[in-house]
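Work through the exercises below with the sequence and the structure at hand, and try each task before reading its solution.

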Amino acid sequence: MKSKTTRTARTEPWHSHAWQAQSLLLAYPDEQFEQRLALAGRVAATLPEPVARPMLRFTAHAGQTSPADLAAAYVATFDHRKRCCLYLTYYAHGDTRKRGIGLLRLKQTYAASGWRLSDDELSDHLAVVLEFAATDPATGARLLTEHRAGLELLRLALNDDGSPWAHVLDSVSATLPTLAGDDREAVMRLAAQGPPEEQVGLDPYASPVFLPDPVVGAPR
């Protein structure tokens, strides 16, 4: 689900630092998370207040929570609740076969910028999209705004649940233009209708002519 009003978001030099730090905080809290948390806290201190404040709220909470409890909360939040899904193409396509095309387009966009995923990463995970955006801010900003409806729905769901990760999504939202017009309508429509369901009988494969050429750079 794409927005027409914020298709091209303006980027600032600090955006790449914010998106990299947010990416670190949205990854699974493994044994290296404490180091990532400390790094994100240092980065947050250099960012504009609307972006830094919610990020520092999360780092403060995570720093006072045991690793085991934080990991359990992460799994309970993101792995067991579809309304808190971190995979952005889910909001646009649900669990339909069209989602594979969305994943492929993202992967091709990354490849066009010379960025490669590891074998265990899906291209639409928000932490992955943010990490890419940190390396290619112009293209990354476009991807984030194209998935703005899903991002806002995730942010609202996390806030409704009182999840500490809501602070990270608040911080991500603060890096993007204010919702208006088509953006706001897209969020309301997605909230009311939910992600699409599988449409039986349709061709599950898009014609290659509709897929972006992996050799050509992504539009900026």
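**Exercise 1.** Determine the handedness with which H1 passes H3 in this predicted model, and then decide which residues make the contact.

*Solution.* Step one is the handedness: H1 passes H3 in a left-handed crossing. Step two is the contact itself, to which H1 gives Ala-18, Ala-21, Gln-22 and Leu-25, while H3 gives Val-51, Met-55, Phe-58 and Thr-59. Step three sorts these residues by class, and the contact of H1 with H3 then divides into six nonpolar, two polar and no charged residues. Step four turns to the geometry, where the axes of H1 and H3 come within 12 Å and cross at roughly 25°. Since angles under 35 degrees count as roughly parallel, H1 and H3 are therefore roughly parallel to each other.

**Exercise 2.** Work out how helix H1 (residues 15-26) is oriented against helix H2 (residues 33-44), and describe their contact.

*Solution.* Begin with the axes of H1 and H2, which lie 9 Å apart, the two helices packing at an angle of about 150°. The cut-off for roughly antiparallel is an angle over 145 degrees, so H1 is roughly antiparallel to H2. The crossing of this pair, H1 and H2, is left-handed. Next, list the residues that meet: from H1 they are His-17, Ala-21, Leu-24 and Leu-25, and from H2 they are Phe-33, Arg-36, Leu-37, Leu-39, Ala-40 and Val-43. By class, the contact of H1 with H2 has eight nonpolar residues, one polar and one charged.

**Exercise 3.** Repeat the analysis for H2 and helix H3 (residues 49-63).

*Solution.* The axes of H2 and H3 come within 10 Å and cross at roughly 150°, which means that H2 is roughly antiparallel to H3. H2 passes H3 in a left-handed crossing. On the side of H2 the contact involves Phe-33, Leu-37, Ala-40, Gly-41 and Ala-44, and these meet Ala-52, Met-55, Leu-56, Phe-58, Thr-59, Ala-62 and Gly-63 in H3. Sorted by class, the contact of H2 with H3 has nine nonpolar, three polar and no charged residues.

Note on methods:
Residues numbered from 1 in each chain as written. Predicted model: local features only at pLDDT ≥ 70, side-chain atom pairs only at ≥ 80, totals over all residues. Heavy atoms only, no water. Axes fitted to C-alpha atoms, helices over the stretch in contact; angles between N-to-C directions. Helix = DSSP H or I, 4+ residues; strand = E, 2+ residues; numbered from the N terminus. Parallel < 35°, antiparallel > 145°, perpendicular 65-115°, else oblique. Left-handed = near helix turned anticlockwise from the far one by under 90°. Contact = heavy atoms within 4.5 Å. Nonpolar A, V, L, I, M, F, W, Y, C, P; charged D, E, K, R; others polar.
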